[in-house]
Amino acid sequence: SELTTIDYLPGELIGEVSAVTVGAPIVDDGRVVAAIVSCPNSTMPAADLIDLGAATRAAADTVTAALR
């Protein structure tokens, strides 16, 4: 299959959506120094992508907090 969507606005996350990567920044002293990336590379229910985004962001937030 071909995944062509680059990104989604929150209102576009309905039904089945395609996602290759989901990323969240890791911040140190106000600068992005790295990122955590999840790579589902599949089509999934929008709710699953929202959950994956939240988990990816939570992981990045944990690393960010450890840098303080």
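What follows is a working chat about a predicted model of one chain.

Trainee: Where do I start, say with which secondary structure the chain has?

Mentor: Since this is a predicted model, everything I describe is computed from it, and the chain comes to one helix and four strands. Reading from the N terminus, the elements run β-β-β-β-α.

Trainee: And what does the C-alpha trace span along its principal axes?

Mentor: The C-alpha trace spans about 40 × 20 × 20 Å along those axes.

Trainee: Let's go to the strands. How do β2 and β3 run, and how many bridges join them?

Mentor: Strand β2, residues 22-28, runs antiparallel to β3, and seven bridges join the two. One example of a bridge pair is glycine 23 with valine 37, the latter lying in β3.

Trainee: What's between those two strands?

Mentor: There are two residues between them, and β2 and β3 form a hairpin. In the turn, aspartate 29 has a positive phi of about 55 degrees.

Trainee: I clicked on serine 38. Where is that one, and is it buried or exposed?

Mentor: Serine 38 belongs to strand β3, which covers residues 31-38. Serine 38 counts as buried because its relative accessibility is 17%, and the cut-off for buried is under 20%.

Trainee: What is serine 38 in contact with, if I skip its neighbours within four places in sequence?

Mentor: With those neighbours left aside, serine 38 is in contact with Val20, Thr21, Val22, Leu52 and Thr56. For valine 20, the C-alpha to C-alpha distance to serine 38 is 8.4 Å, and the two are 18 residues apart in sequence. With threonine 56 there is also a polar contact, side chain to side chain, at 2.6 Å.

Trainee: New topic, the surface. Which residues form the nonpolar patch there?

Mentor: The patch is formed by Val33, Val63 and Leu67, which together have about 200 Å² of accessible area. Valine 63 is found in helix α1, residues 46-66.

Trainee: Why does valine 63 count as partly exposed?

Mentor: Its relative accessible area is 32%, and valine 63 is therefore partly exposed, a class that lies between the cut-offs of 20% and 50%.

Trainee: Last one: what share of the contacts between residues at least 6 apart joins residues at least 24 apart?

Mentor: For the chain, that share is 55%.

How values were computed:
Residues numbered from 1 in each chain as written. Predicted model: local features only at pLDDT ≥ 70, side-chain atom pairs only at ≥ 80, totals over all residues. Heavy atoms only, no water. Contact = heavy atoms within 4.5 Å. Patch = residues over 30% accessible without salt bridge, like charges linked within 9 Å, V, L, I, M, F, W, Y side chains within 5 Å. Areas by Shrake-Rupley, 256 points an atom, 1.4 Å probe, with all protein chains shown as cover. Salt bridge = Lys/Arg side-chain N within 4 Å of Asp/Glu carboxyl O. Buried < 20%, exposed > 50% of the residue type's maximum accessible area, 1.4 Å probe, protein only. Polar contact = N/O pair within 3.5 Å; in protein donor to acceptor, adjacent residues only side chain to side chain. Pairing = 2+ DSSP bridges.
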